[in-house]
Amino acid sequence: MYIILAVLLFAAVFGMFSRIYKRNWDKDLNVELKISTNGLFEGEQAKAVEIISNNKPIPIFWASVQFQVPGALRFGDAHSGSDYYREDRMSLFPYEEITKKFDFTAVHRGCYRLSDLQFMAGDLGFQSIMIKSFPSSPLIYVYPRAKEVPRFRIDYKKIIGDSIARRNVVEDPFFFRGIRDYYPFDSMKNINWKATAHTSSLKVNQYHTTQSRQVMLLLDLDGYNRLDGQRIKEDAISIAACLARKLAFSGVAVGFVTNAADVLSGGEIQADCKSGRGHFLYLMRKMAKINTDKLLTPFDRVLENILKRSDTATQYILISYYYGEGLVRWVSQLESAGRSIQWIFLHAREREINFTRRPGMYICEEAQ
């Protein structure tokens, strides 16, 4: 008899606590998801941070936090490629705050969100799951690799040297600015022999200039058909990023324009010519947002708009894997109008193209 009464009493008390728990489990509960940086280069690592706080006298016995991860971000040993959910199990004592950090690797260039943040808890009887969503969805910019692309043989020193040599720049020898790599156009008298010996590569002194010209990078993502591979488009973007880094770190004002759409706004992507590390990261963010699947206009229109401007001080560097009569015609018109333009043409082995080599054109063959 006493056993039955004890069981009934326990059932009544358990049922009461269970109802209280179900009504109050999510009160004063907060879950936040952050990232250690909102911008990183492809291949680099960052941290995702979960902050879970239970600011009430009721514990949460078993629960989990989950959020959706884009396939381009890899947590631990997770396979990249398609979106997936990451789940982390835990329990919370009254008035407890838990902070958890997880490393992830940025696998592909682009803009991504860690989204659909949810906290899931089970009732005391393990019979149902209760879910509460939270608004945290941090945005991550994955910049393109700003390094030389091994797939194509590109003489960056020659291209940048030719570009800078075309600028009418008068250096002031009384205002030292720094040290940079040697380029073929540099005078031997500017070589810094001490820095050269220290680094085992030729270095030259830089001086502030009394006059400067600027370089605008033109990224043409026009293709031959819809079967063009994604790889060559990403290579073209990485080459633009590499040139931007080398020019910006040489003290050159750099700008950027492409005919692809912004993946976030759907609008055009362009940046005026400026210098400095901050501007370089701004360019990288612009390149991270390139939507290679959506072109706003044929690149001929971009060159036509440049031709309409009165500015002749800007040096242009065109990067494309496409070669067509229209493009050649507009490049010729720009040159005839006094614009200085170089053309980096990426020639992939899988496509046979009849093209004519022209002055200022760099044929970059795919490496064997």
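A salt bridge is counted where a side-chain nitrogen of Lys or Arg lies within 4 Å of a carboxyl oxygen of Asp or Glu. The structure examined here is a predicted model, in which local features need pLDDT of at least 70 and side-chain atom pairs count only at pLDDT 80 or more, while totals for chains, interfaces and linings use all residues. Residues are numbered from 1 along each chain as its sequence is written, and side-chain values use heavy atoms, with hydrogens and water left out.

A search of the whole structure finds 10 salt bridges. One of them joins Lys 246 to Glu 148, with the closest N and O atoms 3.6 Å apart. This pair links distant parts of the chain, since Lys 246 belongs to helix α4 and Glu 148 to the loop between β11 and α2 (156–165), 98 residues apart; helices (H or I, at least four residues) and strands (E, at least two) are DSSP runs, numbered from the N terminus. Lys 246, at 19% relative accessibility, counts as buried, whereas Glu 148, at 49%, counts as partly exposed; buried means under 20% relative accessible area, exposed over 50%, and partly exposed in between, with a 1.4 Å probe and protein chains only.

In another salt bridge, the side chains of Asp 262 and Lys 289 meet at 3.1 Å, N to O. Asp 262 lies in strand β16 (residues 260–262) and Lys 289 in the loop between α5 and β18, so the pair ties together parts that are 27 residues apart in sequence. Both Asp 262 and Lys 289 are buried, the relative accessible area of Lys 289 being 14%. Leaving aside neighbours within four places in sequence, Lys 289 is in contact (heavy atoms within 4.5 Å) with residues including Arg 109, Cys 111, Tyr 141 and Ile 269.

The largest nonpolar core has 47 residues, and those with the most contacts inside it are Leu 243 and Met 284; such a core is a set of buried Ala, Val, Leu, Ile, Met, Phe, Trp, Tyr and Cys residues joined through side-chain atoms within 4.5 Å. Helix α4 (residues 230–248) supplies the largest share of this core, 11 residues. Among the residues that Met 284 touches, not counting those up to four places away in sequence, are Phe 41, Tyr 143 and Ala 244.

An open sheet of three strands has the order β2-β11-β8, with mixed pairing, where two strands pair if DSSP finds at least two bridges between them. The edge strands, each pairing on one side only, are β2 (39–41) and β8 (110–113). Three bridges join β2 to strand β11 (residues 139–143), and these two strands run parallel; Phe 41 has Tyr 143 as its bridge partner in β11. Helix α5 (residues 277–288) packs on the sheet, touching β2, β8 and β11, and its direction makes about 100° with that of β11; axes are lines fitted to C-alpha atoms, for helices over the stretch in contact, and angles run from 0 to 180 degrees between N-to-C directions.

In helix α6 (residues 299–308), the buried residues are Phe 299, Val 302, Leu 303 and Ile 306. Seen down the axis of α6, these residues fall within an arc of 95°, so they line one face of the helix; the arc is that of the directions from the helix axis to the C-beta atoms. The buried residues of α6 pack against β14 (214–220), β15 (253–258), β19 (314–320) and α7 (325–336).
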